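Have the model in view as you read.

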Amino acid sequence: GPFMGRAGILSLMVEAMATQTDVRRHVISNIVFLDKAKESALVLSNLTLLATENGAINLLSAGLYRDEVVKAEGAWRIAKRHLDLDKSY
């Protein structure tokens, strides 16, 4: 990362899903809003990445998301995302 804008974030997800053979679950927890303003905020959250394949569930990685979110057309959207993984997968 960082992955910029909607297109950048979606590209990351689409490319990753095209090569995987397992079923993945991204568990997002401990969400903390920092520096919140009327139209923007910095959001920190923990990631636990699990994969299921051939009946086995494995922990692939864990990490920390650092998101910049903005309010656009009445909805909150991720404008920038940075992910620090504890280990690559």
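Val43 sits across from Asp67 of β4. That pairing belongs to a run of 14 bridges between β3 (residues 40-53) and β4 (residues 56-72), two strands that go antiparallel. Helices (H or I, at least four residues) and strands (E, at least two) are DSSP runs, counted from the N terminus, and two strands are called paired if DSSP finds at least two bridges between them.

Before going further, some housekeeping: this is a predicted model, where local features need pLDDT of at least 70 and side-chain atom pairs count only at pLDDT 80 or more, while totals for chains, interfaces and linings use all residues. Residues are numbered from 1 along each chain as its sequence is written, and side-chain values use heavy atoms, with hydrogens and water left out.

Zooming out, the sheet is open and five-stranded, ordered β1-β5-β4-β3-β2 with antiparallel pairing. β1 (3-4) and β2 (23-34) are the edge strands with a single partner each, so one side of each has no neighbour in the sheet.

Over at β1, Met4 is part of the strand. Setting aside neighbours within four places in sequence, Met4 touches Ile9, Ala79 and Lys80, where contact means heavy atoms within 4.5 Å.

Now for the pockets. On a 1 Å grid over the protein atoms alone, a pocket is an open set of points where a 1.4 Å probe fits, with protein on both sides within 12 Å along at least five of seven lines; lining residues have an atom within 4 Å of a point. Volume is the space filled by probe spheres set on the points, which are joined across faces, edges and corners. For residue classes, Ala, Val, Leu, Ile, Met, Phe, Trp, Tyr, Cys and Pro are nonpolar, Asp, Glu, Lys and Arg charged, and the others, Gly among them, polar.

| Pocket | Volume | Lining by class |
|---|---|---|
| Largest | about 290 Å³ | eleven nonpolar, three polar, one charged residues |

In the largest pocket, Leu12, Met13, Ala16, His26 and Tyr89 come closest to the centre, out of 15 lining residues. α1 (5-19) gives the most to that lining, with four residues.

The second largest pocket brings us back to the opening pair: Val43 and Asp67 are among its lining residues, which also include Trp76 and Arg81. β2, β3, β4 and β5 each supply at least two residues there.
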